[in-house]
Amino acid sequence: MNALPQDLAAQIDPNRLKATVASLSAFPNRNTNNPTLTQAAEMLKGELEKLPGLKVELMKYKITKGQRIPEDKEVVQVVAVLPGKTDRRILVGGHFDTINMQGGGIGAASPGADDDASGVAVTLECARLMTQQKWEHTLVFCCFTGEEQGLLGSAALAKRAKEENWKIDAFLNNDMVGYSRNAAGMKEEKFVRLYSEEAPTTAVIRHDSRELARFVEFFTKGKAGNFGAKLVYRRDRFQRGGDHTPFNREGFTAVRFVESIEDFTRQHSEKDVIEAVDFNYLANVAKLNLLSLASLANAPAPPTDVRYETKQAHDTSLRWKGSPEVNYIVYWRETQSAAWQGSKIVGKVGSATIPKVNKDDHYFAVGAVGGVPVEAK
């Protein structure tokens with residue numbers, strides 16, 4: 001019998017996270033243009049190959065001469081797949097390349113403990129725990145490169161995923177998730193930011209990214225102590241980007257975790273060192289990822305054609321198309337709220353009424369229990 005998401009999350013080990021960050025930040029740099037990147041990729045591949053059931057690939061892709069790239073070349077990144085019973089896929093990842101933008105060229109020291117050995121550590125820890133059992137859906141653990149040159153590795157994988165018709169239900173990107181304080185004296189130990197954007201109108205998607213973010217926030221609430229996700233309704237931070245964005249652009253559902261307090265004095269420099277990482281904070285971020293992955297990896301298919309009954313009433317009635325074998329849950333929130341505020345499991349049905357909560361002042365959605373909900377129209 002599979003362990004519950006909470007039981008798996010309880011096994012997150014800050015010391016294992018620290019060991020991964022230490023191994024990566026021990027490289028003088030992991031610039032995408034340098035041999036050290038390939039060496040780091042081989043190390044990560046070796047760690048993932050120790051885990052049962054994983055199919056680990058050194059994925060090759062080409063980068064071309066341009067800004068931050070002195071010459072055309074072929075580079076690698078690491079993609080590990082844990083096959084499930086279905087071809088629906090749940091992705092989690094971070095990037096392990098680094099850059100020093102303070103001078104010294106591509107050979108300058110850039111340990112990248114937070115940016116982004118922290119996200120890769122979360123990815124490996126999730127892989128270690130998720131490979132302990134079987135899952136309905138296929139899991140993909142991604143260690144990207146080329147992020148600091150313009151999201152090149154994630155763009156290559158997102159393009160491949162579209163060409164190969166991957167059925168991606170969710171991608172959780174973790175990029176800079178290890179700092180809880182900065183040089184300005186600011187600190188935040190109870191939240192990690194979770195960025196999401198509206199679905200592009202031209203995309204054929206399996207879920208809306210904001211619905212994924214709302215699900216993660218709601219589902220994980222209270223399950224990692226007093227630590228939780230803070231929803232931010234933007235693609236990313238101001239004038240910056242991350243590896244979730246190429247997946248969004250290809251029409252997939254992707255969000256980004258990032259620490260609540262950034263230390264700009266350390267970013268993209270030799271100062272991004274392991275001593276500044278808060279491994280208890282990082283462990284809490286890993287818990288939110290693992291809770292979400294373990295739920296989504298077994299989630300039934302979402303309902304379709306979720307509709308309001310149009311009759312005016314103080315109650316709200318909904319109907320949808322689904323499976324008679326699936327338990328459904330109705331969510332609601334006031335129109336000014338970013339997050340779901342209430343929910344009710346309604347069972348193996350295709351309709352439900354929520355008493356005394358009106359559709360004039362609230363948004364509603366329906367999901368399979370454990371899966372991303374679909375907003376009512």
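1. In this predicted model, Arg 333 places its charged end over the ring of Trp 340, at 5.0 Å from the ring centre. Arg 214 also has its charged end over the ring of Trp 340, 5.5 Å from the centre.

2. The aromatic pairs number 11. One of them joins Phe 218 and Tyr 331: the ring centres are 5.4 Å apart and the planes meet at 80°, so this pair is edge-to-face. Phe 218 belongs to helix H6 and Tyr 331 to strand E11 (residues 328–334), so the pair ties together parts 113 residues apart in sequence. With 22% relative accessibility, Phe 218 is partly exposed, whereas Tyr 331, at 4%, is buried.

3. A further edge-to-face pair is formed by Tyr 308 and Phe 364, with 6.1 Å from centre to centre and 90° between the planes. Tyr 308 is in strand E9 (residues 304–308) and Phe 364 in strand E14 (residues 362–368), so parts 56 residues apart in sequence are tied together by this pair. Both Tyr 308 and Phe 364 are buried.

4. Phe 144, Phe 171, Phe 247 and Phe 252 are linked into a cluster by ring pairs.

5. Helix H6 (residues 209–220) packs against helix H8 (residues 279–296) at an angle of about 105°, and the axes lie 10 Å apart. H6 and H8 are therefore roughly perpendicular. On the H6 side the contact involves Leu 212, Phe 215, Val 216, Phe 219 and Thr 220; on the H8 side, Leu 288, Leu 291, Ser 292, Ser 295 and Leu 296. Of the residues in this contact of H6 with H8, 7 are nonpolar, 3 are polar and none is charged.

Key:
Residues are numbered from 1 along each chain as its sequence is written. This is a predicted model: local features need pLDDT of at least 70, side-chain atom pairs count only at pLDDT 80 or more; totals for chains, interfaces and linings use all residues. Side-chain values use heavy atoms; hydrogens and water are left out. Axes are lines fitted to C-alpha atoms, for helices over the stretch in contact, and angles run from 0 to 180 degrees between N-to-C directions. Helices (H or I, at least four residues) and strands (E, at least two) are DSSP runs, numbered from the N terminus. Angles under 35 degrees count as roughly parallel, over 145 as roughly antiparallel, 65 to 115 as roughly perpendicular and the rest as oblique. Contact means heavy atoms within 4.5 Å. Ala, Val, Leu, Ile, Met, Phe, Trp, Tyr, Cys and Pro count as nonpolar, Asp, Glu, Lys and Arg as charged, and the others, Gly among them, as polar. Rings of Phe, Tyr and Trp (its six-membered ring) pair if their centres lie within 6.5 Å; planes under 30 degrees apart count as stacked, over 60 as edge-to-face and the rest as tilted. Buried means under 20% relative accessible area, exposed over 50%, partly exposed in between (1.4 Å probe, protein chains only). A charge sits over a ring if NZ of Lys or CZ of Arg is within 6 Å of the ring centre and within 35 degrees of the ring normal.
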